[in-house]
Amino acid sequence: MIVLIGFMGAGKTTVGWLLARHLGLPFVDSDAVIEDAEGLAVREIFETQGEAGFRRIEAATITGLLDGPDAVLAVGGGALTSPQVRTALAAHQVVLLDVALDEALERVASDPGRPMLHTPDLSGLYTRRQDAYRDAADVAVQVSGRSPREVVAEVLAALGEVGVGE
Ligand code: S3P
């Protein structure tokens, strides 16, 4: 499984979709799977069950997907908050889409569908997540100032170095 991680606005969905098409693999977005299964938008899950409730659903969903058929899987920017996810990712090829905070914020603006964007100390959240992203990643690709196609080309080159499909 190729797993794309990174902060909100890193382009995981766009890059993941293009990458999957290129590799002839299905593309799966953990947030979309959660929304389908719960019949609720991520924002509504946060409203009714809080962040902790969302993280429980998210961790169970992602660990389940990681046990499933091969795919390119994009996970939400906070997925590594859950220790089960961090552990499960160790057996997969993990690609960090590394985005600068100011560019990430330009891309997602103040999307009401992303409740964590409304965290009071967003810059602190961004900083606190960086170690977990880097620890989990087999390869990191800088996305700031690059188009999705350029990022896909870099990801493919980086995966070639670590061996696609291993
Ligand atoms: C979150 C990121 C979102 C989504 C949820 C929480 C986060 O996914 O999982 O709103 O904590 O960073 P994206 O990274 O795809 O925006």
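Helices (H or I, at least four residues) and strands (E, at least two) are DSSP runs, numbered from the N terminus. In this predicted model, local features need pLDDT of at least 70 and side-chain atom pairs count only at pLDDT 80 or more, while totals for chains, interfaces and linings use all residues. Residues are numbered from 1 along each chain as its sequence is written, and side-chain values use heavy atoms, with hydrogens and water left out.

Along its sequence, the protein shows the pattern β-α-β-α-α-β-α-β-α-α-β-α. Its radius of gyration, taken over C-alpha atoms, is 15 Å, close to the 15 Å that the globule rule (2.2 Å times the number of residues to the power 0.38) gives for 166 residues, so the protein is as compact as a globular protein of that length. The C-alpha atoms fill a box of roughly 40 × 35 × 25 Å along the principal axes. Of the 166 residues, 48% count as buried, meaning under 20% relative accessible area with a 1.4 Å probe, protein chains only.

Strand β4 (residues 93–98) is largely enclosed by the rest of the structure, because six of its six residues are buried. In a regular strand the side chains alternate between the two faces of the sheet. In β4, Gln-93, Val-95 and Leu-97 are buried on one side, and Val-94, Leu-96 and Asp-98 are buried on the other.

Strand β4 also pairs with two strands, where pairing requires at least two DSSP bridges.

| Strand pair | Sense | Bridges |
|---|---|---|
| β1 (residues 2–5) and β4 | parallel | four bridges |
| β4 and β5 (residues 139–142) | parallel | four bridges |

Ile-2 stands opposite Gln-93 in β4, and Asp-98 has Gln-142 in β5 as its bridge partner.

Definitions and conventions: Buried means under 20% relative accessible area, exposed over 50%, partly exposed in between (1.4 Å probe, protein chains only).
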